[in-house]
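Here is a short note for a first look at this structure. Please keep the sequence and the 3D view open while reading.

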Amino acid sequence: MRAGALLFSAFLGFAMLPGCAHKAAPVKMDPLQNAYGTETDWNNSERIIPLNYQQAEGKRIFYEQCVWCHADQTPAGPSNRSNVTPAPPLWNDGATLNSLSDAFLEKFTAEGGRAMGKSSMMPPYGNTLTQSEIRALVAYARAIAAPPYGAPSRAGQEK
Amino acid sequence: MNRPNAQGPLDRLRRIFFGDPARRFAWVSLLLTLSLAIAPTKDFFRQWRHYQRQYSKFVESQPDGRALRGRMASGIHQIWLPDLGVVDRCTTCHLGIAEPTLADAAVPQPFRAHPVIPHDAEAWGCVACHRGQGSATEVREAHESTVAWEQPILPVRFIQASCGSCHQDDLPQAPRLDRGRQLLARFDCTGCHKIAGIDRPAMLGPDLTDIGTKVSREWLYKWLKEPRTITDANGNQTVDGVDTGEPQMPTFRLSDVELRELSAYLNAQHAHTIQPYHFDPRVVAALSKRPDVADQGEARFRQMFCSSCHSLAVTRAGETTLIGGDIGPELTKIGSKVNPDWLVAWLRNPQQYLPHSQMPRYEWSDTDLYEVTRYMETKLTDPSLLSDVPKLGSPTKTEVDAGRKLFVEKGCASCHVIEGLAPQKDFGPDLSALGARNVSQLDFGPAKIPYTLIAYIQAKISNPRSVNPAGRMPQYHLDQTSLDDVTTALLSLTGPPATRGMEKLVVARPLAEFHPAGEFGKLYERYKCYACHKFNGFGGTLAPDLSYEGSRTTRQWLIQFMENPQTLRPTIVLRMPQFNMPENEAAIIADYLEMAMQSPAVNPAEDRKEFTPAMAAAGKELYEKKYQCQSCHTIGSAGGYVGPSLSNAGNWLTPGWIQAWLRNPQELVPGTIEPRQAFTQEEIQDLTAYLITLKQSGSFGNAAGASSREGTK
């Protein structure tokens, strides 16, 4: 009798074993709690955009080098944008920048307007910033773009 | 009756299983087989296998699924770096970490690609930055604080703390960490705590030796009770976040009796009495009857750029903000705070009252001094400032003695110098390894907060009594961003590196001191040049680095600028103060800068090159057409204002500097925003020839705007 009970309980225990491999509850991820940095939407001060390291680097470099002409407000007051003709695109201007490829924006930033057949007022940054810094600037533009930027591969997928 | 019935089924079972030896053997074999199958089955259901199966399924939905599937290796993955003590199996489940096509936020975790960072996961592992248990293969074990492993995953919001464990120098790529460290220094946390990497300055809080001559006992009572004296339109006591609104003095939550005793003790501190300054009677006679004397003083206050260091609260459209710098204290209610005789004596010679003060010693005329002090005494006031303070009267001996005892008990002498008491050292606990503390090592007391190190640190700062009702830690009122920044800096304090390999990676904080001797050294101390400017790596960041100023500017321009530091740019708030510097002092400073502060990249021989009008004409063409420098620089009234105005470049800059600058601006001023162009040598000559022709007659003072703009970086 005892052997039977033993056998039965062993069988039960075995049957329950798969249950031990509990499905892990998904780790809760609040995008802002888990962001390296943040940026306030330029057009909506209540919307906070989470930034990863590369985008946050882009933001830092942008506010040092680019903000003077590619934004309407700068840390030091009014923007230089109105002094430059044609007016440079705002860095969150999705309508203008979303259709341009990463490679084009990187090349434009590195080589400047003159080399690309555009205004000389955009100087070349290829000797000042590294390629990864320029890439970060583009990643930042994509993160803050309004209307939002859809990566080409995904955009293709949706269609 | 019952027994046979009850045993009936069991007997039957026994017969079925063990009825004869063959059956017995068969059943036992089956049992053995099944028990042998336990191990592989258990293995099949492991969490990481579940994720690997999910990943296989997930990548099939991707456009490059075939390639992704091809690169995926099943089984446990491990990054093993014995030098760093790293055994990380995180990539067992985080399978897409190195797949750039999985970077999109729409990719579910744990499969998303790691964002681009300067460190390669293969060379560093994961735990060095993210914490958690690298060798675990179960979600909970790896990420959370468990009995066996207490260090949980660090939320990405605080991840810059991990940068700081090795990078003890300034790290612009980790802005949260940098700001947190600045706040730790600003709020004088080193007064009571030992914090690796943050120096204990010579002076923390003000020297209180003569505080009784400066402020009233009532003001002391008010200040000790609630140091935040500015309220906005909604009655909130913090203004404009922590940057300017939060005083460095924290709230100690003292009782009325304690406030009476401490204010009595401090009120009795007057080792040196003030000798009231006697203004020229003619000045007093002329000015005292003028109704606009305070307005004149306000204009002078503005002209001297006191606001470069001191802020004032301004209420516009119901919103109170502080405008001005934060090197010195905010002055909105100074007139209701200090004794007028003290104010005059202070302005004339701050170091006489406070030897460590960063306030420069200005050269005053009696008229200016009278007007400015009248302005501060009559306009910068708040009649109701002390209305909620009880009448205190003169301090009694008992109160003073009790106050002295309290001063020691509360650790006040950790930050403040006072007559007759030795400075208190290490009053609070050593925080050098706080960031590596396990939760079980912390005492949460009665606090109802999550049991995490982060929640503990934040409660200790913003509501210390919730954690320890009898604790000595004062209360700080930081906004959430600043609190997170400080928490990040504290979490970065993980003590000595765990392995030799880690030890080699530590980037130490560079030590810089610059205290020149001689005549220049005296003026350098008098005007506190280093409060705003950097000299050979030492000093403030508000104004331009002067390490190479001698190569940059002409001596005459420097002298004129120091005598009259005006600017053509009205948009900039923080500017060089008007020191009213005598000409001989300006000459001493200019001589020193010209001689000692030279850049090796600038060749003085290039100053003497010949620049012809033809070259200047070619340079003008390059400036205006080819490179369109006017997009950032102003000449006359036309152009942009990203870079400095060049209207007076010929008087201001040396030709050698201009040439070196055009070759490589970042070599002269690291981090300057002028992009390095690929000019030819001939273009550099032509542009220099053009720039040195630009001179403003009679005025040298045009570059202050440039200075301020650079200083905003």
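Helices here are DSSP runs of H or I with at least four residues, numbered from the N terminus. The model is predicted.

1. Start with Gln480(B). This residue belongs to helix α22 of chain B, which covers residues 480-491. Gln480(B) counts as exposed, because 10 C-beta neighbours lie inside 10 Å and the cut-off for exposed is 12 or fewer. In sequence, 77 residues separate Gln480(B) from Trp557(B); in space, the C-alpha to C-alpha distance is 46 Å.

2. Next, the layout of chain B. Its domains are domain 1 (2-42), domain 2 (47-153), domain 3 (178-194 + 429-492), domain 4 (211-378) and domain 5 (520-711). Note that domain 3 is written as two segments, 178-194 and 429-492. The centres of domain 2 and domain 4 of chain B, taken over C-alpha atoms, are 57 Å apart.

3. Turn to the helix pair in chain A. Helix α2 (residues 53-70) and helix α5 (residues 131-144) of chain A have axes that come within 7 Å and cross at roughly 100 degrees. α2(A) is therefore roughly perpendicular to α5(A). On the α2(A) side, the contact residues include Ile61(A), Phe62(A) and Cys66(A); on the α5(A) side, they include Leu137(A) and Tyr140(A). By type, the contact residues of α2(A) and α5(A) are eight nonpolar, three polar and three charged.

4. Now the strands of chain A. Strand β1 (residues 37-40) pairs with strand β2 (residues 48-51) in the antiparallel sense, over four bridges. Glu39(A) has Ile49(A) in β2(A) as its bridge partner. In a regular strand, side chains alternate between the two faces of the sheet. For β1(A), Gly37(A) and Glu39(A) form the covered face, while Thr38(A) and Thr40(A) form the uncovered one.

5. Check two cis peptide bonds. One runs from Ala146(A) to Pro147(A), with omega near -5 degrees. Pro147(A) sits in the loop between α5 and α6 (152-158) of chain A. Another joins Gln109(B) and Pro110(B), with omega about 10 degrees. Pro110(B) lies in the loop between β2 (86-88) and α5 (121-124) of chain B.

6. Which backbone angle deserves a look at Asp188(B)? Its phi is positive, about 55 degrees, although Asp188(B) is not a glycine. Asp188(B) is in the loop between α9 (175-186) and α10 (211-214) of chain B. Asp188(B) is buried, because 20 other C-beta atoms lie within 10 Å.

7. Asn580(B) also calls for a check. Asn580(B) is not a glycine, yet has a positive phi of about 55 degrees. The loop between α26 (555-563) and α27 (583-596) of chain B holds Asn580(B). With 13 other C-beta atoms within 10 Å, Asn580(B) is partly exposed.

Definitions and conventions. Residues are numbered from 1 along each chain as its sequence is written. Chains are lettered from A and ligands numbered from 1 in the order in which they are written. This is a predicted model: local features need pLDDT of at least 70, side-chain atom pairs count only at pLDDT 80 or more; totals for chains, interfaces and linings use all residues. Domain bounds come from an automatic or database domain assignment. Helices (H or I, at least four residues) and strands (E, at least two) are DSSP runs, numbered from the N terminus. Two strands pair if DSSP finds at least two bridges between them. Axes are lines fitted to C-alpha atoms, for helices over the stretch in contact, and angles run from 0 to 180 degrees between N-to-C directions. Angles under 35 degrees count as roughly parallel, over 145 as roughly antiparallel, 65 to 115 as roughly perpendicular and the rest as oblique. Two residues are in contact if their C-beta atoms, placed from the backbone, lie within 7 Å. Ala, Val, Leu, Ile, Met, Phe, Trp, Tyr, Cys and Pro count as nonpolar, Asp, Glu, Lys and Arg as charged, and the others, Gly among them, as polar.
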